[in-house]
Amino acid sequence: MPDPLTSSGAPPRSWFARFSGTGWGGRAFWSILIGVTLFLLICGYGAFVGANKQNLHFAFLGGMSGFAATAMGAVVAIALRDIAARTQDIMLGFAAGMMLAASSFSLILPGIEAAQALCENQSLAACVVVAGLGLGVALMVGLDRFVPHEHEKSGRRGPDAQRINRVWLFVLAITLHNLPEGMAIGVSFANGDMKVGLPLTTAIAIQDIPEGLAVALALRVTGISALRAALIAVGSGLMEPIGAVVGLGISSSFALGYPIALGLAAGAMIFVVSHEVIPETHRNGHETPATLGLMLGFGVMTFLDTALG
């Protein structure tokens, strides 16, 4: 009898076969991934040779503060024990609400504002950010298609296999979100003005504490230990200092790359929240608690992004 999670009775394709495919989907995925990687490398190089290189240490220390705040939030998850399914859905809903608010207030709106300052046209600025949104969606569609979802020989195993893959995709989106946050820190220190850099860095660091906790809690849903979940969440914060260096380089070289990157991160998160996380939190009959968790997360992040930003 064929596996219901495959299209035929043939053995599921291995992850390597998915990535090495020659179809248009594989080519598009690799093109986007290579393009994003080259963009980050070029901007990172610009931080060391550009006009603002003397402020590199400020940008890096600001990024490290975001990393430390993420680690602080992740460590809290170690104290948590076994989590019931209802609590898992509430936690995922809370994390989803935080990411939706962060996409709106920390990424899309600042991206439009930054693009408008460069383009001096509101409609064109919106198009720049929307283009970034499209790149983020395309990137996550590619990851959803080509990241391994089955075991190489036995296929998908266990009733929670689908949830595990979805949670990891969500964690990947949150990690991607940390990159433009770090970029914002790097840009804020581009002119060496502490009156600009310190308040922004402080606000982002405060936001990173619940984000680190959200990543660790989402990983706990997969069944891994609290310590390992915390370590992975801490690792996701490493994107902050990397992003800070990239952001400093952008200020010296490719200005439009900043709003595009903000849109990319927002598109990735909104896609994953809608396509994966919200349906998953409703799968076990906990729609109302999960929705209340989402609204609470949205409210918390809205407060952090506006009142403290």
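This is a predicted model: local features need pLDDT of at least 70, side-chain atom pairs count only at pLDDT 80 or more; totals for chains, interfaces and linings use all residues.
Leaving aside its neighbours within four places in sequence, which residues is Ser103 in contact with? They are Ile108, Ala266, Met269 and Ile270. The chain has 309 residues, and its secondary structure comes to 11 helices and zero strands.

**The chain overall**
- Of the chain's residues, 49% count as buried.
- Take the contacts between residues at least 6 apart in sequence: 84% of them join residues at least 24 apart.
- The chain exposes about 14500 Å², and 68% of that comes from carbon and sulfur atoms.

**Inside: the core**
- In soluble globular proteins, nonpolar side chains tend to be buried together.
- Here, the largest nonpolar core has 58 residues.
- The residues with the most contacts inside this core are Leu107, Met183, Leu219, Leu248, Ile250, Tyr258 and Met301.
- Leu248 is worth a look: not counting residues up to four places away in sequence, Leu248 touches Ala47, Asn52, Asn55, Leu56, Ala59, Gly186, Val187, Phe189 and Ala190.

- Ser103 counts as buried because its relative accessibility is 0%, below the 20% cut-off.
- Glu120 lies in the loop between α4 and α5 (122–146).
- With a relative accessible area of 72%, Glu120 is exposed.
- Glu120 isn't a glycine, yet it has a positive phi of about 60°.

**Outside: a nonpolar patch**
- Trp30, Ile34, Leu38, Leu41 and Ile42 form a nonpolar patch on the surface.
- Together, the patch residues have about 520 Å² of accessible area.
- Leu38, one of the patch residues, is found in helix α2, which covers residues 24–49.
- Leu38 has a relative accessible area of 48%, so it counts as partly exposed rather than exposed, which takes over 50%.

**Helix α11**
- Helix α11 runs over residues 287–306, 20 residues in total.
- At 1.5 Å a residue, α11 should span 28 Å, and its end C-alpha atoms are 28 Å apart, so the two values agree.
- The buried residues of α11 are Pro289, Ala290, Gly293, Leu294, Gly297, Met301, Thr302, Leu304 and Asp305.
- Met301 turns up again here: it is buried in α11 and is listed among the residues with the most contacts inside the largest nonpolar core.

Terms used
Residues are numbered from 1 along each chain as its sequence is written. Side-chain values use heavy atoms; hydrogens and water are left out. Helices (H or I, at least four residues) and strands (E, at least two) are DSSP runs, numbered from the N terminus. Buried means under 20% relative accessible area, exposed over 50%, partly exposed in between (1.4 Å probe, protein chains only). Contact means heavy atoms within 4.5 Å. Accessible areas come from the Shrake-Rupley method with a 1.4 Å probe; for residues, only the protein chains shown count as cover. A nonpolar core is a set of buried Ala, Val, Leu, Ile, Met, Phe, Trp, Tyr and Cys residues joined through side-chain atoms within 4.5 Å. Patches are made of residues with over 30% relative accessible area and no salt bridge: like charges are joined within 9 Å, nonpolar side chains (Val, Leu, Ile, Met, Phe, Trp, Tyr) within 5 Å. A salt bridge is a side-chain nitrogen of Lys or Arg within 4 Å of a carboxyl oxygen of Asp or Glu. The expected span of a helix is 1.5 Å times one less than its number of residues.
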